[in-house]
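Morning, everyone. Please bring the model up on your screens. I will go through a turn, a sheet, the cavities and the ligand.

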Amino acid sequence: MSEQSVRQTEEAVGATTGEPLIEVNDLKTYYGEGGLVDDNPVKAVDGVSFNIERGETLGLVGESGCGKTTLGRTLIQLEEATAGEVLFDGTDITQLSGTELKEWRRNSQMVFQDPESSLNDRMTVGEIVREPLDVHDWKTSQERRARVRELLDVVGLQPEHYYRYPHQFSGGQRQRIGIARALALEPEFVVLDEPVSALDVSVQAQILNLLEDLQEEFGLTYLFIAHDLSVVRHICDRVAVMYLGHIMELGDSEELFQSPKNPYTQSLLSAIPDPDPTSDKDRITLRGTPPSPRDPPTGCPFSTRCPMKIRPEEFQDVDDDVWVAVEVFREVVRERTRADRSLTDRAKELLGMETRYSDIDEIRAELFGDVDVPPSVQQHVDEAADYIEHNDDQQAREYLRDVFGSTCDTDSPDDYAVSSSGRTSLCHRHQDEYEAPDEFTPYAQR
Ligand code: SF4
């Protein structure tokens, strides 16, 4: 999307009141908790706290699977919160049920990502937009029909579209139908879940401009979930960066994009292609994929991939290539402890026979074969490999954490204020004793 194609209205940015509409306190959404087969829950949202101001657009970004859609759905009670509170105008909506919850639902709506699948193809556009009015028994049927015509006009559709079916429309028009449906009951808060990512670039700008116009006209408050960071930069007042169920950094959008403070935000933003071919912008390549939210790391959620992770004092001088190999080795061992083992493998283990998991020498050769490993590191790698050869992966994992781990592996970081505008970042590096020196280069990119 070109920078010019999205209107950046001063009004949209300046429409916030500074007064919170939504206050989220230590919110958790877990799945599968306490089940018969699986009592190890998926921690999709794992203790997040933030406010959304009345009239603002708060962006929510992060890699897929980081929990952003679950968070959006929990805020409007489409998912049940496991713990924590969501105060909407002072009322904790996680405690509402029955009629109270139904009544409250008028206040908040969701626009979905895929306009192809989020509309029922067997219903006319009029029926789709009218559905929330019918569910809430809103006024008379004549008034409902009039309201639908008004909404079609508001989102730029024609009165004759009332009796047409979704398949007769383009992607952009279908998203307009979804927006009209979301606005039917005059909500104050709308969760926009990747509302333009399924649309052509030329249509994205039209829908974003429509959303901005509607926000201004009706005083709406948006949570804008997206993975396209350039869209977020233009439409959002503030941005929350999410990783593995946690908010890593949250603050003013322009400030955050210009000078990200959290190592994860820095990694995420460095992946945006620079339109200037002569730019010497450093790119940070993250290792691997995020860990499973069923088995998140202890300490910092980003600790298994962080290119700025703090090292223990005694390994400060170890060559970066060796240190990366150590981190990858730890990750491999960690994954082994999570891997499902067949009954045959378990039986072989019990009998002391070799299993397909006993290929640790190969992994060691692969990781450490081309680097000069100092004895202070080698002895611990050998010890861990020994545990693995004896089928004690868990012990190896713990041993490696004890020896090579730092505060990033053991302690959950706090949120630190990182700018005068109230931006916060979840990272130990903001403590004086761990602050990265100016010339520090994230080691994974070397
Ligand atoms: S706490 Fe450690 S692992 Fe987490 S982001 Fe900061 S430096 Fe990286």
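Leu244 lies in the loop between strand 9 (238-243) and strand 10 (246-252). Helices (H or I, at least four residues) and strands (E, at least two) are DSSP runs, numbered from the N terminus. A word on sources: this is a predicted model, where local features need pLDDT of at least 70 and side-chain atom pairs count only at pLDDT 80 or more, while totals for chains, interfaces and linings use all residues. Residues are numbered from 1 along each chain as its sequence is written, and side-chain values use heavy atoms, with hydrogens and water left out.

Back to the turn. Strand 9 and strand 10 make a hairpin with two residues between them. Leu244 is not a glycine, yet its phi is positive, about 45 degrees. Is Leu244 buried or exposed? Leu244 is buried, at 5% relative accessibility. Buried means under 20% relative accessible area, exposed over 50%, and partly exposed in between (1.4 Å probe, protein chains only).

Now the pairing. Two strands pair if DSSP finds at least two bridges between them. Strand 9 and strand 10 are antiparallel, over six bridges. Tyr243 stands opposite His246 in strand 10. Strand 10 also joins strand 12 (residues 424-426) through two bridges, again antiparallel. There, Glu249 faces Ser425 in strand 12. Strand 10 is mostly covered, with six of its seven residues buried.

A second residue to look at is Gln77. Its phi is near 65 degrees, a positive value in a residue other than glycine. Gln77 is in the loop between helix 2 (68-75) and strand 4 (83-88). Gln77 is buried too, with a relative accessible area of 10%.

Next, the sheet. Strands of a sheet pair through backbone hydrogen bonds, either parallel or antiparallel. Here four strands form an open sheet in the order 2-1-4-5, with antiparallel pairing. Its edges are strand 2 (42-53) and strand 5 (91-92), each pairing on one side only. Strand 1 (residues 20-31) runs antiparallel to strand 2, joined by nine bridges. Tyr30 stands opposite Lys43 in strand 2.

On to the cavities. The method works on a 1 Å grid over the protein atoms alone: a cavity is a set of points where a 1.4 Å probe fits but cannot get out, and lining residues have an atom within 4 Å of a point. Grid points are joined across faces, edges and corners, and a volume is the space filled by probe spheres set on the points.

How many cavities of 30 Å³ or more are there? Two. The largest cavity holds about 110 Å³ of space. It is lined by 16 residues, and the closest to its centre are Pro263, Cys300, Cys306, Cys408 and Cys427. That lining divides into 11 nonpolar, three polar and two charged residues. For the classes, Ala, Val, Leu, Ile, Met, Phe, Trp, Tyr, Cys and Pro count as nonpolar, Asp, Glu, Lys and Arg as charged, and the others, Gly among them, as polar.

The second largest cavity has about 30 Å³. Its lining includes Glu194, Phe224 and Asp228.

Last, the ligand. Where does the ligand sit? In the largest cavity, meaning that more than half of its atoms lie within 2 Å of the grid points. Residues around the ligand, with a heavy atom within 4 Å, include Phe302, Met308, Lys309, His428 and Arg429. The shell divides into seven nonpolar, two polar and two charged residues.

Key. On a 1 Å grid over the protein atoms alone, a cavity is a set of points where a 1.4 Å probe fits but cannot get out, and a pocket is an open set with protein on both sides within 12 Å along at least five of seven lines; lining residues have an atom within 4 Å of a point.
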